[in-house]
Amino acid sequence: MEQIKLNNELSISRLVQGVWRLADWDYSKKLVEELVEGCLELGIDTFDHADIYGDYACEELFGKALPSSLKQKLKIVTKCGIKLVSDKRPDHYVKHYDTSFEHIVWSAENSLKAMGIEAIDVLLIHRPDPFINPNEVARAFSQLKAQGKVKHFGVSNFLPSQFKALQAALDFKLVTNQIEISAIALHEFDNGSIDLCQELNMHPMAWSPLGGGSIFNAQTHRMMTLKNVLHKIGDNHGATIDQVMYAWLLAHPAGIIPVIGSGKLARIKAAADAVEIKLSRQEWFEIWVASKGQSVP
Amino acid sequence: MEQIKLNNELSISRLVQGVWRLADWDYSKKLVEELVEGCLELGIDTFDHADIYGDYACEELFGKALPSSLKQKLKIVTKCGIKLVSDKRPDHYVKHYDTSFEHIVWSAENSLKAMGIEAIDVLLIHRPDPFINPNEVARAFSQLKAQGKVKHFGVSNFLPSQFKALQAALDFKLVTNQIEISAIALHEFDNGSIDLCQELNMHPMAWSPLGGGSIFNAQTHRMMTLKNVLHKIGDNHGATIDQVMYAWLLAHPAGIIPVIGSGKLARIKAAADAVEIKLSRQEWFEIWVASKGQSVP
Amino acid sequence: MEQIKLNNELSISRLVQGVWRLADWDYSKKLVEELVEGCLELGIDTFDHADIYGDYACEELFGKALPSSLKQKLKIVTKCGIKLVSDKRPDHYVKHYDTSFEHIVWSAENSLKAMGIEAIDVLLIHRPDPFINPNEVARAFSQLKAQGKVKHFGVSNFLPSQFKALQAALDFKLVTNQIEISAIALHEFDNGSIDLCQELNMHPMAWSPLGGGSIFNAQTHRMMTLKNVLHKIGDNHGATIDQVMYAWLLAHPAGIIPVIGSGKLARIKAAADAVEIKLSRQEWFEIWVASKGQSVP
């Protein structure tokens, strides 16, 4: 699988494996290791974490399951900034965000420890924080970078104005915005976020690239129409619906990087195979129109 | 009629004649020539086309009707990027956009041929394309410019974030954004598009400057109120409703350039005469308030 | 009370006293003077006016009530650009905006005369004007600045795109955007305005910092929930609801400057005391969540 450049120093695989549901999968260490080995064989070398995934458990499950020699082959994305109400964090009584210097630094160091790695390749602020102090975030990022604990930084779910406020405080460029994009969820095309990525020549990562799976038991007229279109195009390419949805993202000129949610190697392989599917412009728009429920103007 | 500068190299007439409905008018070549001659006599030297107008027919109707000597006096705006489902384009099965290098270059060259002219003065991307590759558009624009086939470039119906994404990829400045603005359609004042024009000292062109004519048989309370206000102000100036609507656009400090939709010389002359009508600031706001249906805050 | 820097030349008190309702209070000159003296004793040295407050009366009431020696200790913010329908302005027949060179200059000079002062510290455009000519505003601002009549300039209620259009025409930086922000009115967090302030390191001023007082007789479920949360947090800090609302604004990293609306010294003192209340990040979010009516995502 090809690599995609986030900047001059960092390239990652065209598809990223997400481990959001690692705790739910309830895999043995051996199974986790096999999953990661399987991904690497497919050319997927980048794994997407967050401190809070699995109620603060996934990073450690991941870290404990893998031998160091394997971890050295991986590129790790993780996130910080959300504070969940959780038995693991008894002082949280309301779900909130924390992008203070102290919390960012503490959280990144905690992620390193949990995963048993030397450095995070990309650290993202998980959600835009209405109480953010961009200068304080910048101070935390700079320290983590100087110490070699985090190599690159990005954000997730940021609107353009939020992105610009943070970027203005930094000496270096944010490398990505991880946002929800799929053939089902088109809002990031309409709110300026993908436009900003293109303005900055920055690749977005796409979470929930299959729209959370809702297409598979389509209930509404719009979803059924979309499903039919995906089926028809899939037939043209000898591909499944989910492969067409990946191909739809991969075709886009912004260089969208899908984050795979499944933990089943067969489905991950299907996603990897979708890299070879080349949708025509007109097929891309057929999906767009079905999803919008109306013709382009 | 005065000219308005789009940039240091290009000035066009304060009003532009649109030929969107040229095919519908079903004019003889002689009538088309008389229309164009009539416009020139009024000082209107700029004509607004698109490849798709009249189901891909208007450019050629225009080109074939006019002698070369006449065409040399005109400034030509045309557009590309929409692909209609049409008998003329049997390979289109869904209306979509195409802003690929190949299509832009092919479409511009096709427009030159259809109109029988050496160069397009301004080529616009007709609609924001969710599948745009700004770098590819930039490559097409640069080639067309270097070859002298297109002198200047702009867009149409672009939101600010879409405009900025494309502009960032270009070595030269886009010269206009052709958007829907009228006393009836105020949304471009609210979505930042006119603000961006003012930030960039760029003049917008206004399509549907009379709001598609809906005011003439006003049905809703808002439209009837607006019609009454336009009538009253018209009476102050010895002007018709449509003249007041043109004057309302012309008064605006952004230097809005209305695109006339009518093919009747009498109505075009009425528009041209509206250039002399000077609305007061308070009249301008009386129309704004009537159209909004509420007082300014 | 601490001061907050609007730029390298101007610092104002962390809280600003608004005199929007000065005419309604129906104070004697002596009472006005006592109010101002009382504010100064609390460290509040900045007063927020507009030409139109009190139907064009407040600036003069203020100016006539205060001895020059007292006025010299104050920093004055005032506004221009709205034209009210009023007996005092018989030529206004519709409420409208006027940001012409002539009106801005005339209005600023009139404010100086009405208040009996030598210079306005900060002059704001009161509302975004859909008929604005940024270059004309720039010319007016430059002249007023060169003449020493106005020291600094800002805006009020401007959206980011409107702010940028005006800023682009100016040789110097706007120093603030006075917008509606309170624990009840969160829209400026969502429309990019506070983000832009943070991008530009510019402090917003907050009008209606108590949300117009609607919380005090909360009627809706959302308002009652918010009131309960404010009460609970107030109890933690030995503070009243309104003090918690001030503290909520003051805690924000953007350096939000609340404009006090009350004319009662006891309530102004309560506001001043709120500067010492330090809300925790989690308390800040508890209020945010209650006001939004839903958990953060």
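In these legends, contact means heavy atoms within 4.5 Å. The model is a predicted one, in which local features need pLDDT of at least 70 and side-chain atom pairs count only at pLDDT 80 or more, while totals for chains, interfaces and linings use all residues. Residues are numbered from 1 along each chain as its sequence is written, chains are lettered from A and ligands numbered from 1 in the order in which they are written, and side-chain values use heavy atoms, with hydrogens and water left out.

**View 1. Chain C against chain A, where 22 residues from chain C and 24 residues from chain A take part in the contact.** The area buried between these two chains is about 2,100 Å², with 59% given by carbon and sulfur atoms; buried area is the accessible area (1.4 Å probe) that two parts lose on being put together, summed over both. Between chain C and chain A there are 2 salt bridges, a salt bridge being a side-chain nitrogen of Lys or Arg within 4 Å of a carboxyl oxygen of Asp or Glu. C:Arg281 and A:Asp129 join their side chains in a salt bridge, at 3.9 Å from N to O. On the side of chain C that touches chain A, the elements giving two or more residues are helix H10 (193-200) and helix H14 (281-292) of chain C, and H14(C) supplies the largest share, 8 residues. Helices (H or I, at least four residues) and strands (E, at least two) are DSSP runs, numbered from the N terminus.

**View 2. Chain B against chain C, where 22 residues of chain B are in contact with 24 residues of chain C.** About 2,100 Å² is buried between chain B and chain C, 59% of it on carbon and sulfur atoms. The salt bridges between these chains number 2, and in the one formed by B:Arg281 with C:Asp129 the closest N and O atoms are 3.9 Å apart. Helix H10 (193-200) and helix H14 (281-292) of chain B are the elements that give two or more residues to the side of chain B that touches chain C, and the largest share of that side, 8 residues, comes from H14(B).

**View 3. Two helices of chain A, H11 (residues 221-237) and H12 (residues 241-251), whose axes come within 9 Å and cross at roughly 90 degrees.** The axes are lines fitted to C-alpha atoms, for helices over the stretch in contact, and angles run from 0 to 180 degrees between N-to-C directions. From H11(A), A:Lys227, A:Leu230, A:His231, A:Ile233 and A:Gly234 meet A:Ile241, A:Val244 and A:Met245 of H12(A). The residues of this contact divide into 5 nonpolar, 2 polar and 1 charged, where Ala, Val, Leu, Ile, Met, Phe, Trp, Tyr, Cys and Pro count as nonpolar, Asp, Glu, Lys and Arg as charged, and the others, Gly among them, as polar.

**View 4. A salt bridge within chain B, between the side chains of B:Arg267 and B:Asp242 (3.9 Å, N to O).** B:Arg267 lies in helix H13 (residues 265-274) of chain B and B:Asp242 in helix H12 (residues 241-251) of chain B, so this pair ties together parts that are 25 residues apart in sequence. Over all chains, the structure holds 42 salt bridges.
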